[in-house]
Amino acid sequence: MAMWDRIKDQAKGLQQQAQGARGAGGHGRPGSRSSGVSRAQLVSTLKSQLTSLKTELKSGAYRDASMAMCALVAAADGHVDPAERQHVESLILHNDVLQNFPPEQLRQRFNKHVDQLAFDFQQGKAEALQEIAKTAKKPTEARAVVQTGFVVAGADGFVAPAEEQVLREACSVLGLSAQEFGL
């Protein structure tokens, strides 16, 4: 648990920096909760934290929940165009932690959720959140699922409001505080 406590302290420090940047005239995008630089720093820190936990994140539950989370982020605005799907799939396949799993397993699970979300967004979202909720009893995995979603959402340097919303919903089903992730 000591490692997770250090990670939480790092995240809180970045969150406080982000709040300080806003209060000191930081320039975030409209609707964003922090300046672009601070959000990029948070994404970078979350990515580093995930990498440090790579040896612990080898369960099928983490794999499946992460793919559901990535699909939710990709479809957060209600649709996924082919280019966006391909971009997120590439992020998944090149993610250091997710390399614990065979690429075809990741691709299959991600695309299954994206297809469900495209067919019936509300039903697909409910199913994805159910998959995510399966990691709730393992706090390290639960936090890693949200971190994975955050890293994918922030890959373009900006976390859209719809992406923030699905990340908050994932936190809710996992019993985690969205504030812990700067949401």
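These are my notebook entries on a few things I looked up in this predicted model.

**Ground rules.** I number residues from 1 along each chain as its sequence is written, and I use heavy atoms for side-chain values, leaving out hydrogens and water. Because the model is predicted, local features need pLDDT of at least 70 and side-chain atom pairs count only at pLDDT 80 or more, while totals for chains, interfaces and linings use all residues.

**Aromatic rings.** I searched the whole structure and found 1 aromatic pair (rings of Phe, Tyr and Trp, taking its six-membered ring, with centres within 6.5 Å; planes under 30 degrees apart are stacked, over 60 edge-to-face, the rest tilted). The ring centres of Tyr 62 and Phe 101 are 6.3 Å apart and their planes stand at 35°, so I noted the pair as tilted. The two partners come from distant parts of the chain, 39 residues apart: Tyr 62 is in helix α3 (residues 60-74), and Phe 101 is in the loop between α4 (82-93) and α5 (103-119). Helices here are DSSP runs of H or I with at least four residues, numbered from the N terminus. Tyr 62 and Phe 101 are both buried, meaning under 20% relative accessible area with a 1.4 Å probe and protein chains only (exposed is over 50%, partly exposed in between).

**Cysteines.** How many disulfides would a search of the whole structure find? I got 0, taking a disulfide as two cysteine sulfur atoms within 2.5 Å. Cys 70 counts as buried at 0% relative accessibility, and Cys 171 counts as buried at 1%.

**Cys 70's helix.** In α3, Met 67, Cys 70 and Ala 74 meet Glu 84, Val 88 and Ile 92 of α4; contact means heavy atoms within 4.5 Å. I have α3 and α4 packing at about 145°, with axes 10 Å apart. Axes are lines fitted to C-alpha atoms, for helices over the stretch in contact, and angles run from 0 to 180 degrees between N-to-C directions.

**Glu 131.** Leaving aside residues up to four places away in sequence, Glu 131 touches Asp 64, Ala 65, Ala 68 and His 113. His 113 and Glu 131 are also among the residues where α5 and α6 meet. Those two helices pack at about 145°, with their axes 5 Å apart.

**Helix α7.** I ended with α7 (residues 139-153), whose 15 residues reach 21 Å from first C-alpha to last. That is close to the expected 21 Å, which is 1.5 Å times one less than the number of residues. Of its 15 residues, 13 are buried, so α7 is largely enclosed by the rest of the structure.
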